[in-house]
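Hello,

Here is the structure I said I would pass on. My notes on it follow below.

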There are 4 protein chains.
Amino acid sequence: MIIQLEKEIAEKDKENIIKKVRDLKYKITDVRTQKGDYLIGIGKKEFDIRDVGHMPGIADIHIVSDDYKLVSKKWKVKPTVIDLGDGITIEKGGMAIMAGPCSIEGEEQIRKTIDHLRENDVKIMRGGVYKPRSSPYSFRGLGIDGLKVWYKAAREAGIKIITEVMQVSQIEEMYEYVDIYQVGARNTQNFNLLDELGLVDKPVLIKRGISGTIDELLSSAEYVFSAGNENLMLCERGIRTYEKASRNTMDINAISILKEKSHLPVIADPSHGIGIRDHVEPIALACIMAGADGVIYETHEKPEEAYSDGQQTLDFRESARLIHKMRKVFELRESM
Amino acid sequence: MIIQLEKEIAEKDKENIIKKVRDLKYKITDVRTQKGDYLIGIGKKEFDIRDVGHMPGIADIHIVSDDYKLVSKKWKVKPTVIDLGDGITIEKGGMAIMAGPCSIEGEEQIRKTIDHLRENDVKIMRGGVYKPRSSPYSFRGLGIDGLKVWYKAAREAGIKIITEVMQVSQIEEMYEYVDIYQVGARNTQNFNLLDELGLVDKPVLIKRGISGTIDELLSSAEYVFSAGNENLMLCERGIRTYEKASRNTMDINAISILKEKSHLPVIADPSHGIGIRDHVEPIALACIMAGADGVIYETHEKPEEAYSDGQQTLDFRESARLIHKMRKVFELRESM
Amino acid sequence: MIIQLEKEIAEKDKENIIKKVRDLKYKITDVRTQKGDYLIGIGKKEFDIRDVGHMPGIADIHIVSDDYKLVSKKWKVKPTVIDLGDGITIEKGGMAIMAGPCSIEGEEQIRKTIDHLRENDVKIMRGGVYKPRSSPYSFRGLGIDGLKVWYKAAREAGIKIITEVMQVSQIEEMYEYVDIYQVGARNTQNFNLLDELGLVDKPVLIKRGISGTIDELLSSAEYVFSAGNENLMLCERGIRTYEKASRNTMDINAISILKEKSHLPVIADPSHGIGIRDHVEPIALACIMAGADGVIYETHEKPEEAYSDGQQTLDFRESARLIHKMRKVFELRESM
Amino acid sequence: MIIQLEKEIAEKDKENIIKKVRDLKYKITDVRTQKGDYLIGIGKKEFDIRDVGHMPGIADIHIVSDDYKLVSKKWKVKPTVIDLGDGITIEKGGMAIMAGPCSIEGEEQIRKTIDHLRENDVKIMRGGVYKPRSSPYSFRGLGIDGLKVWYKAAREAGIKIITEVMQVSQIEEMYEYVDIYQVGARNTQNFNLLDELGLVDKPVLIKRGISGTIDELLSSAEYVFSAGNENLMLCERGIRTYEKASRNTMDINAISILKEKSHLPVIADPSHGIGIRDHVEPIALACIMAGADGVIYETHEKPEEAYSDGQQTLDFRESARLIHKMRKVFELRESM
């Protein structure tokens, strides 16, 4: 059960509510986000919601049968809107485009990418400065210095930044230079990282784990939300299966299911979802048709020279065509 | 290597070609389809294609590095067109709709479904009379008698029939009453069935195996083709993965990849691909955007009363809306 | 529910029982095997078993909550014993060894394999004469003629034969020459084949599907059993997963779980389970320790020259060592 | 390529070697572990190993084609021995037993578990004080205070401690109180954590990721090794597959394959591998037969009252029986 408390609740009233819920043998968690105060009750006993709901200090109460509570649409029907400032939002009924290279490689690459985005009226740039790599001998990214250079150029151009954070110690270090923290597929269940991102007042995009379930993704979002940060997005990026004709298996079903289960925006990553350059476009368009609120993909002036993921990266001509088509598909979807 | 022989090739010339190919240490298979004669050479040695290609009696020669040969686009660039007669075709650049119940249940159900299809200008009806069921105690279908009743009603209405064939002995029995033989996901690698369907002069739709790879699907198609039947379609219907929030994981990637690898039409089955009624529509639309040449899905007047698969079956109102939207999405795709 | 009927039940009594069960809204299936008569009731309503159990003509009655009934240990606690004649049995508390080549290749190979088996006191020889192959251009086996040659040599040597049957029409053809029909992993859900094998009075070994669940394997066995044949074995041969370091992922868990759920003997196939020659031995020994009642594996005088599966086939020296070790491990298991 | 440098190498000689390797277009990484100095060269160009090997300052040189280098058996044939002090080692040819509860719950539970271990001559106790949980509302462990209590009791009893570390900041905090750091399945690719564990002079056990490949596990070990810590063990704990009859699918193949590929000890975790109490014993015994150098499993005085994982936890009677049997199986394995 989720109990939303009134903003000015008296301490005594809160204690009474907690006592009442404990009497039902429910385990209680006190959640204070940047937007409100909640009590989350976990238990199985059935009870009459009115017995609790009438108590002083309660703004709203919901019974949520899902394992995740605060990210469930059973509680909050109204879709979450992520506001990045400057009139840039990510939300249901919109289609956010986030494009850029797999790895940030240097000033010139940043500048050329920004030019490409501006020409196509794209407001959010993706790129990695901390790169999780299977092998310790691979390129691991330019780190904080690369981020600073990127930030300077992006701010001048009015472009927002989404980039991956890999560990707790980077959160503060990166804070000034990012608009969205991305949690990568290898960190979806890095619970300490999730806890700490709950304390930050910047949006967080959580990628589904490499073989994560839809429920696990929602529970990971619940970590961030219950630790205090409601500015959350979910990202489907393909799952690991036996099929090796593609890098991953894009779980198109997950997009439609996540939209039904949660009030959070859902972003699709077709670059990782299929992992083959020539197929990124049809998969991206399919994801929009399935209900995605945004698309994140990889583009580079010269994919064949990219430091990483070149095989799934679009060049700027392909990227421009994709942007054009995505907008048409989105327009049709919203009109039907 | 695929050698297409001239129609009136002299026996002597053919022998010479075979000898030449054997000298290259290639294993040779003589393939005679309803449309042409081919020699398929399997081997690894590199050779100068001109050494063979100039020989008398050869209409065309191709080196095909895929394990499957005749279904590969490396050999036949021109897309295959399935002609069902009466102006009804399944082909690239079209969008075939095949709709109907999971199981054929009786005359009234057939009639109502046909009425629904006609109202929405759908020309092909799906339905099962032989049902593969995990448990021997489940409903196994009305069999050949059900098919005959269905056939009569469909012919009068100008509707074509696609239905599953489960074993060799049914092929002949069903022959007069079907327009497309469907090979189900549990029979994708029933090689005897594939061999025999190669001898039939009616189209065949092959579903991908429950955990079949894309390559295995193409190799199964190769069985039918090399046994003589070029009238083939491939069908993506979701694969089995660890994710249990949906019945299967619709492999949207496979649609795009199959279109690249093969000249055969690719049909999507969103009903089995996600298995949840409320999500069939977005997945169907996504599949069209990913490049599908047609969609096969389940509809029933009263899904909750259907003998099987009710949880993933659309009612007629939902079905009509889906058909309307699919046509819009298809139109946009072709216009971009 | 499973109702075992008395052997000499009066028709009137049977009708009364059927009526009683139908009144409970249970769907009823009349099962007549080579060993007994049963009524299988499928339904959900709870009822007092004594209300049915006291009726005349009932030998025994059990409520079985599993989807499969007759193969469940909840009904039949006593393990099934497969008797191949000549004192050769497959059963709990024994360890059947079935060894031989992937494909039967000819008389000399047969003779050498038989010599090897006799030297090591192995009584059952495996080998394929009908080979299911992904590609139509691969070697598909010697067919019935190969089987006849094999049979002659095996009978003279007192060796039993297990070999794969791929389609209904082969059952009768092969009947005289096989001791165990093997259903391969691509045919686990070939329900027509299973139905027909239920009519045969020879033992059947059913391999788990390539990505089949444990429950599906048991339901496939239920097909054969309910069609009349109780002489059944189950075989774990590895499943398809994302891991490509081995050909399949041997599901060692399945061996222990199948032994708990069913009264049928469980055989392990380490050759397909891992697919790498050097690792067949440790996996075979592990399977015995996990509870397998037998092991089926591939051996060939010269694996590198085998027509198929050479990479996972033991030579005779390795095979002899494995047999020796398997017996030691089995002995320890039974003694603990 | 791996170049092991002489202990007292002259700076000039090292520079020459680096220059030589760079000339081959190999990317070079300077690795200094607690036991030695290495240069790891990553590249594809073929070269004559003698051209490099003769240079002054080189103790040994190996070409290793695997993606992982330092953990590969192609380089270091001699098995790694983990020495925990007090005569307790983990190594090939031994069988380490690590037993204890899923979660450390308090002093009494610790004491009882230690008594149980001592009665059965087990020297290493497992238990979690930091618990990674899918839901933020689940019990997350007693933390560092729990560890301190545990440590005190364990030291008095001569028992070693293995426990999970979840994030970088815990490494130092836990240092004094652990004998083996465990990296859990959700952190196998937490590369920052791996890097930092490379700087510690205590042994590390790395669990395979929830759907991690064998190669990824080895690459994760390469992270720790190349960051400086050679005291490493690998742990197979089951993988996520479509099969839901067991919690995970124990990949018995991986045990045999890891033993072949790496010189590191391989530990099996049957508790997570199957996740069902009644089946832990046969799976544990099977893992030993497949070649495991040790087993880690869950035991609790009253599994049904355990804070977590009760369904897969053995009680002390079952645990004692398992220990007894494991030793017999190990003895047989080593004697064959």
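**Notes on the model**

Ile82(A) counts as buried because it has 24 C-beta neighbours inside 10 Å (a residue is buried if 20 or more other C-beta atoms lie within 10 Å of its own, exposed if 12 or fewer, and partly exposed in between, with C-beta atoms placed from the backbone). This is a predicted model, in which local features need pLDDT of at least 70 and side-chain atom pairs count only at pLDDT 80 or more, while totals for chains, interfaces and linings use all residues. Residues are numbered from 1 along each chain as its sequence is written, and chains are lettered from A and ligands numbered from 1 in the order in which they are written.

**Around Ile82(A)**

Ile82(A) sits in strand S5 (residues 82–85) of chain A; helices (H or I, at least four residues) and strands (E, at least two) are DSSP runs, numbered from the N terminus. Leaving out residues up to four places away in sequence, Ile82(A) touches Thr89(A), Ile90(A), Glu91(A), Pro203(A), Asn231(A), Met233(A) and Pro265(A). Contact here is defined by C-beta atoms, placed from the backbone, that lie within 7 Å.

**Domains of chain A**

Chain A is split into domain 1 (2–62) and domain 2 (82–335), with bounds from an automatic or database domain assignment. Their centres, taken over C-alpha atoms, are 36 Å apart. Domain 1 puts 7 residues into the contact and domain 2 puts in 6. On the domain 1 side, strand S2 (residues 27–32) has the largest share, 3 residues.

**Chains A and B**

In the contact between the chains, 32 residues of chain B meet 32 residues of chain A. Helices H7 (214–226), H8 (252–261), H10 (277–289) and H11 (316–335) of chain B each supply at least two residues of the side that touches chain A, and H10(B) gives the most, 7 residues. That side of chain B has 18 nonpolar, 9 polar and 5 charged residues (Ala, Val, Leu, Ile, Met, Phe, Trp, Tyr, Cys and Pro count as nonpolar, Asp, Glu, Lys and Arg as charged, and the others, Gly among them, as polar).

Chain B superposes on chain A by a rotation of 180 degrees with 0.0 Å of shift along its axis (RMSD 0.0 Å), which is the relation of a two-fold axis. The superposition is by least squares on the C-alpha atoms of residues with pLDDT of at least 70 in both copies. In chain B, the C-alpha nearest the axis belongs to Ala286(B), 2.0 Å from it. The same surface serves both copies, as 100% of the contact residues of chain B recur in chain A.

Regards

Key. Contact = placed C-beta atoms within 7 Å.
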